[in-house]
Amino acid sequence: MELVQLLTPEGERFEHPDHPLETTPEELRGLYRDMLLTRRFDAEAVTLQRQGELGLWASLLGQEAAQIGSGRATCPDDYVFPCYREHGVAWTRGVDPLNLLGMYRGVNHGGWDPDANNFHLYTIVIGPPLLHAVGYAMGMAREGADSAVLAYFGDGASSQGDVAEAFTFATVNAAPVVFFCQNNQWAISTPTSHQTRAPIHRRSAGWGFPGIHVDGNDVLACLAVTRSALERARRGEGPTLIEAHTYRMGPHATSDEPRRYRDDSERQTWEAKDPLLRLRAHLEKHGHTDAAYFEDLAQEAEQLALRVREGVRAMPDPDPAAMFRHVYVDEHAQVSEEQREYEAFQATFVQEGPQ
Ligand SMILES: Cc1ncc(C[n+]2csc(CCOP(=O)(O)OP(=O)(O)O)c2C)c(N)n1
Ligand SMILES: [Mg+2]
């Protein structure tokens with residue numbers, strides 16, 4: 001199947017007969033702003049991890065268009081199930097970027113109220129979010145809701161049994177769900193060629209629902225295909241699988257060193273397809289922006305980075321005893337014993353500073 005593209009890497013816009021998209025200059029500027037601020041936030045998080053302020057960070061560098069395009073296709077009442085790298089999607093749902101950092105700093109298990117923005121908590125275990133999404137979508141349909149669910153997974157997660165099970169339940173129940181696979185070519189050090197022989201988007205045919213292959217570095221194409229798939233789901237016509245062809249420009253996470261398993265030239269090839277550069281080229285070519293727009297945006301990005309930096313440092317450390325409190329609803333003898341041992345261990349440390 002052909003790759004759906006509405007914007008070439010050089011910033012040329014064209015129409016696709018099956019995926020029409022009308023945009024105003026204001027919307028285009030908004031999408032660029034979303035991608036730029038997300039990229040700046042992500043870079044700040046990497047720096048914070050390098051400085052010891054975060055335990056880990058999974059960067060989205062290179063995947064801004066896939067995330068902003070698909071995220072901006074959702075309506076407020078839709079519900080989104082992310083994995084752990086969906087910082088751009090979180091942004092489109094109105095989650096404060098600062099809140100994404102708590103779990104990666106190790107001070108909480110989530111960091112935001114999922115129901116405040118219909119954006120579920122990050123899930124590190126790959127595969128389960130699709131099952132959660134299908135169950136949630138089936139529940140929505142039974143309640144007669146006029147909304148849909150958007151669920152994210154990766155090329156690596158596509159090998160999990162959970163994904164196949166999610167497809168089965170979604171299709172036989174015509175669940176209002178869209179499965180969005182960011183095929184960023186890698187699952188840590190495992191290339192996509194080790195996950196599958198056939199393209200991932202073709203898989204849905206075996207389950208009897210449509211699959212779309214989209215240029216994941218083209219924010220307009222991602223917006224168009226996700227919007228129409230969500231509309232289809234809301235009409236009660238069942239699930240759609242979208243495979244966004246993109247690239248993870250950075251390491252899997254800050255604990256990873258990609259030069260050990262992939263050639264740097266690969267990254268250079270993808271730099272030419274940078275999602276931000278192509279929309280910027282389009283904006284400039286058509287006179288939708290001037291120098292002041294980009295300067296103001298750069299300033300806004302620096303302010304965001306500063307707010308995040310100060311905010312993360314100010315996050316209070318959790319009470320160590322809290323980790324024992326939520327294991328069971330009622331008191332449990334073994335957990336209580338572990339808590340007593342832990343507290344005795346803590347008491348052996350001498351406080352520094354004036355006594
Ligand atoms: C069930 C399960 N197995 C293994 C892991 C370890 N793991 C974490 S991320 C990852 C790779 C995921 O790759 P992909 O789905 O392509 O997502 P990406 O990181 O590329 O966004 C693996 C194997 C996990 N988190 N969950
Ligand atoms: Mg991947």
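I began with W186, which is buried at a relative accessible area of 10%, where buried means under 20%, exposed over 50% and partly exposed in between, using a 1.4 Å probe and protein chains only. N184 also counts as buried, because its relative accessibility is 5%.

A note on conventions: this is a predicted model, in which local features need pLDDT of at least 70 and side-chain atom pairs count only at pLDDT 80 or more, while totals for chains, interfaces and linings use all residues. Residues are numbered from 1 along each chain as its sequence is written, chains are lettered from A and ligands numbered from 1 in the order in which they are written, and side-chain values use heavy atoms, with hydrogens and water left out.

Next I turned to ligand 1, which 15 residues surround, the closest being Y84, R85, G156, A157 and N184; near means having a heavy atom within 4 Å.

For polar contacts with ligand 1 I used pairs of N or O atoms within 3.5 Å. A polar side-chain atom of N184 lies 2.8 Å from a ligand 1 oxygen, a backbone N or O atom of W186 lies 2.9 Å from an oxygen atom of the ligand, and a polar side-chain atom of H252 lies 3.4 Å from an oxygen atom of ligand 1.

Note on methods. Polar contact = N/O pair within 3.5 Å; in protein donor to acceptor, adjacent residues only side chain to side chain.
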